[in-house]
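Please examine the sequence and the structure before reading on.

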Amino acid sequence: MASAQYLPRIELPEMTHENRSGTTESWFDRTMHMDQYGARLPFGSLGAKGLTHRFVELSGADRGRELDVLDASGGYASACLGAGSPVVSAALTRAVEQAGYVTDEIHSWERARLLEFLFGEDGLWAERFPADAYHVAGRNSGSEGMELALRLALEHRFDHRRLRPAQGRGQRDIVLAFEGAWHGWTGGVLPLLNKRHYRVGLPSVAAEPYGFTVQHIPFGQVDAARDFFARHGDRVLAVVIEAVQGDAGIIVPPAGYLREVARLCTDSGALLVADEVLTFAKTGQFFAMSDEQGPIPTDVTVVGKSLGMGALSTSMVIARRDLTVRATGAISTSDLRPLTCAVIRAGLEHIQAEGMLEKSRELGEHLAKRLDEELVTAYPDLYTESRGAGVMHGVELTRRAADRLGEFRETMIRSGVFVEFMGGAGRRSGNLRYVFPTMRVAPPLIATTADADAIVERLSAGSRRFLETPA
């Protein structure tokens, strides 16, 4: 394979010499933008089109060298239509010029059109979420959407008028979550994470009688769920679950597991909250809370990331109509603003019209086969296994690769492919094996078979290059 600097170039607007120089002075965000990673990658982005990004080296002997890099991450899994989508561009332009900017206090024609498209008669999601049983709200991000979902669950046990636990619900003080889960890092959802690193020294939940306790059980183990409900079912207020665990390493649960968890919730009177922020539109269908029997019923579903089409950060909370909050208690400036609604509708209409989800299922099967054969089998010193659904795949690293993760990722970028790494579930209970950091390979929905092949070829070249580099 040709080296990254000789890959086919993409056409981008002309940049000034100062902007292209790769010096620290011309990349002011290197010092001004808060570093939340401990050490950022030593590359700058000059722009992108489709799946191809133009990067430039910002340090070292190759400072200033440009690389054309295939995006196998979809912008933290948010840019399902890639970069420069004409569909998104047209929706943004029209909405800015015509849609206005009213908040949800005023009815919006753009909001009405989106919600009718999704939940109206014969709507895209009407069968799963019938309008007489569900209502929706919008937020800025997946984390904020999960905060609202948790609020809805907590308020469900609360008498809004008397400001005390509702009759018969006061004993429900447990929220059940899962080892390895990730639901965001905002204050309200921190207790849902069982990783001590993210919780130490930060606010915790309120004290009883109005607080709640979060307990964690192993993900994917049906006996653990049954045992927990047998012992504590009358106290469980809600179960918060990812259909596929993301940060834990793209962990796909066994067949039947999600439906059994839903049954346990129904039988015990607990609410089921599905975090589909990451999985939305990536597993070959819009919602991963599904199986061969069809949709798995939920009380609250939160979608995000791809919902903003790579242009906006947004999320949607779809909840049963009896789940609500006290008056003015959850007002948000960003609740389904007209511009946001216009972009979401245009993107979803395009995905549906082009059959992108159906195509992604076929692409995902092809990608899974190549990842297993050309990475896991070919480089056992670097990878342990590949797993996933649709176009969302995870290739778990070995300790050898995980111990040099920063170098590993830089090598992949210099080999022409951009991937992200999930933290891994680490050590879990229930005799489950240790899960090392996992390379997430989740290209945008616009990816073709040729794109998938090129991604795997570059990952393979990067793997070979990494092994040849002394530790």
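Contact means heavy atoms within 4.5 Å. The model is predicted: local features need pLDDT of at least 70 and side-chain atom pairs count only at pLDDT 80 or more, while totals for chains, interfaces and linings use all residues. Residues are numbered from 1 along each chain as its sequence is written, and side-chain values use heavy atoms, without hydrogens and water.

Apart from neighbours within four places in sequence, Y383 is in contact with residues including L375, V376, V395, F408 and L459. Y383 and W125 touch the most other members of the largest nonpolar core, which has 58 residues. Such a core is a set of buried (under 20% relative accessible area, 1.4 Å probe, protein chains only) Ala, Val, Leu, Ile, Met, Phe, Trp, Tyr and Cys residues joined through side-chain atoms within 4.5 Å. Helix α11 (residues 356-376) gives the largest share of this core, seven residues. V239, L258, M289 and A425 are among the members of a second, separate core of 28 residues.

Helices (H or I, at least four residues) and strands (E, at least two) are DSSP runs, numbered from the N terminus. Strands pair if DSSP finds at least two bridges between them. An open antiparallel sheet has the strand order β15-β16-β19-β18.

| Strand | Residues |
|---|---|
| β15 | residues 383-389 |
| β16 | residues 392-397 |
| β18 | residues 420-422 |
| β19 | residues 438-441 |

Strands β16 and β19 pair over four bridges, and G394 has R440 as its bridge partner in β19.

T340 lies in helix α10 (residues 338-353) and counts as buried because its relative accessibility is 13%.

Terms used:
Buried < 20%, exposed > 50% of the residue type's maximum accessible area, 1.4 Å probe, protein only.
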